Amino acid sequence: MVTRRNLIKGAAAVPLLSTLGAPLLKAAERSSVIVVGGGLSGLYSALLLADAGLDVTVLEASQRIGGRVYTRDGVETRPEFGASQIGRTYARVINLCSRLDLKLIPEHRNLMPMSSYLEQNWVRSDQWADSPLNRMVGDERKMQPALVGSQLLSKFNPLQNLDDWLNPKFADYDVSILELMQRNNVSPAAIRLAGIGNDLYGSSALGLMQEKTRGLFDARFGNQEVEEIDRPYGFANRKLEGESLARINNIEGGCSRMPEAMAAALGDSVQTGKMVRAIDMSGDRAEVRCVDGSRYTADFVISALPFSVLRNVSIYPLLQGPQADAVHKIGYAGTTRAFGFIEEPYWEQDGFEPSFFTDGTIHMLWALEKRPDEDKHRFMVVFTEPAASRIDQFPKDQALALMESEIARIRPSTKGKLRFLDMYGWSNNTFIRGCRHMFKPGQINAFAREMIVPHERLHFAGEHTRRSDFGMESALESGERAAFEIIGRA
Amino acid sequence: MRIRTMRGKLGGVGLLALSLAGAASWAQAEDDPALAAKGKQFFMLCQSCHAIDDSSGMRIGPHLKGVYGRPVAALDDFSYSAALREQDFAWDGEKLDAWLKRPYDLVPGSSMSFAGVASEDMRKALIAYLKTL
Ligand SMILES: Cc1cc2nc3c(=O)[nH]c(=O)nc-3n(C[C@H](O)[C@H](O)[C@H](O)COP(=O)(O)OP(=O)(O)OC[C@H]3O[C@@H](n4cnc5c(N)ncnc54)[C@H](O)[C@@H]3O)c2cc1C
């Protein structure tokens, strides 16, 4: 076995993957660590541990590293199947990009205004407040249909500090979105709209509020006030004068360049095609076994796997109590997106806005402002739960055909004007099984505090083990924590 | 929250009392080079946000060169939160310890998004390292 260390330092170094019982030579006084999972969290923990002088091996099941960062390079627009947006307070991502010589550029993905198609009727965003289709009451009526869930969650969010969600003081918010809304006398019409893009029964309101709080932190950082939301879904991205970063940034050349550069920095210690099936800590070192029969030993192991798939790995001694519950019961939610070009501006024909939101099959079509370097608009069809799970039940070509015909049926002006390039549904990625963790009601109280406590020699990373961040930054936050825990023990 | 109530007009007296209370243990801990070396390793937790020389680069926090003894929120070219700018003290062992334990408790409303270091020994090591910067 060749490791990065003995490649660099020559034969004097001890092979990291010493077999069971092999005598520990000089360099083995240092701990060696196996990181299971080559997504951002795993790669980052490995990088930090290598910085600290430890031998690290990363085992990744798929042939592709990066996990939920996935730039689809072969397709014309190079769509981002997974993460791409980097907020200006993503301290670790930003610093890592600068370390890896990756350039951050302002994102060009501004959403064009959004009409709605509800109960088989079209309504423009500027006519929604007074539309007979709008059966919400009082102030609720001003909320755009696509934003009802999100804005109500913000309204009822009591959290201030980024880690308040873990404070038992707020335990009472660990209830379903439905319960939160009913408790606050939200009208049935508003709850119904909120349920189009949110799992009313299956998501903890407190878990979503954690993300709201983090979003607010980003918006306010550096003493800049939150901008007015001037269109459904999102802000107009902008870069302030004198600021080095925009509100939202991308990595030049695609987000996958980041995990690729991390893996390159780690060299041979990253191995793909290595699906771990067992982590056995009953002996005096940890042994990690892969489905192909290969075995690795180490002083410490980091699981950087989503719990949706860690539950398929046998862990000895067995996990117990809240931690076992977390691994085996925490919820996951899907996201599915299709990508393409708009050949002609169909909205000029029918008078509705370019983007739309619907309670039907499609969920959302985002028409994007033209990029300076392109002569056509791009679009994305975006499904969150429960629409994502529905569309994911079809094979890809059927799902694409269904989208195209359904969009043409409800909005005939689009016929022949949308050119689909590709799509991706994260629940169908069998190595990940979802877009993100999603605490079910009661699960934060049941195990969110305990789920990250190291188990024997096993430490836990991954976006689901965040304490105060979100998105890619939470993956790095967790990788940093796990690396730090091990350095504290080694 | 005794630190908060001592801020403001009472500041001078209160701070003196505070630093005397912790003086004995801090004086020993802070100048230990082995401890500082450990702290340098633990600085892994800070390096994404804080440079140790005076060029912050792409980092989102103020640089920490000479931070030990530096008045709070003192850098001209960093946009501190209003909450931190309102403070009136210099960073000593006691203050740093409280800050690193949980920044939100020392200065509610600060924009340092950092959960804190629970272990007192690790905080000691970190502070010993900060003192060398
Ligand atoms: C559609 C989508 C859009 C997103 N948009 C954004 C965004 O704009 N901005 C943002 O900040 N974040 C975004 N995110 C979130 C971000 O992508 C994730 O938080 C982050 O990438 C998660 O990293 P991770 O290391 O925790 O997990 P993952 O990336 O899922 O890594 C886990 C790895 O483990 C591997 N693995 C699984 N089982 C095994 C096994 N048995 N043995 C070995 N390896 C195994 C998997 O193949 C995978 O590579 C988005 C996510 C999705 C899905």
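A polar contact is a pair of N or O atoms within 3.5 Å. The views below come from a predicted model.

View 1. In A:S41, an N or O atom of the side chain lies 2.7 Å from a ligand oxygen atom. In A:E60, a polar side-chain atom is 2.6 Å from an oxygen atom of the ligand.

**View 2. The shell of residues around the ligand.** There are 36 residues around the ligand, and those that come nearest are A:S41, A:E60, A:R68, A:E463 and A:M472. Sorted by class, the shell holds 20 nonpolar, 11 polar and 5 charged residues. Two helices of chain A, helix 2 (40-51) and helix 15 (471-489), each provide at least two residues of this shell. Helix 15 of chain A gives the largest share, 3 residues.

**View 3. Helix 2 of chain A.** This helix spans residues 40-51. Its 12 residues reach 16 Å from the first C-alpha to the last, close to the 16 Å expected at 1.5 Å a residue. Helix 2 is mostly covered, with 11 of its 12 residues buried. Among the buried residues are A:L40, A:S41, A:G42, A:L43 and A:Y44. Further along the helix, A:S45, A:A46, A:L47, A:L48, A:L49 and A:A50 are buried too. A:S41 is also one of the residues that come nearest to the ligand. After helix 2 comes A:G53, which has a positive phi near 90°.

View 4. A:S355 belongs to strand 16 of chain A, which covers residues 355-358. The relative accessible area of A:S355 is 0%, so this residue counts as buried, the cut-off being under 20%. Leaving aside neighbours within four places in sequence, A:S355 is in contact with residues including A:L111, A:M112, A:P113, A:M114 and A:S115.

**View 5. A:S355 and A:I391.** These two residues are 36 residues apart in sequence. In space, A:S355 and A:I391 are 19 Å apart, C-alpha to C-alpha.

Notes
Residues numbered from 1 in each chain as written. Chains lettered and ligands numbered in written order. Predicted model: local features only at pLDDT ≥ 70, side-chain atom pairs only at ≥ 80, totals over all residues. Heavy atoms only, no water. Near = heavy atom within 4 Å. Polar contact = N/O pair within 3.5 Å; in protein donor to acceptor, adjacent residues only side chain to side chain. Helix = DSSP H or I, 4+ residues; strand = E, 2+ residues; numbered from the N terminus. Nonpolar A, V, L, I, M, F, W, Y, C, P; charged D, E, K, R; others polar. Expected span 1.5 Å × (residues − 1). Buried < 20%, exposed > 50% of the residue type's maximum accessible area, 1.4 Å probe, protein only. Contact = heavy atoms within 4.5 Å.
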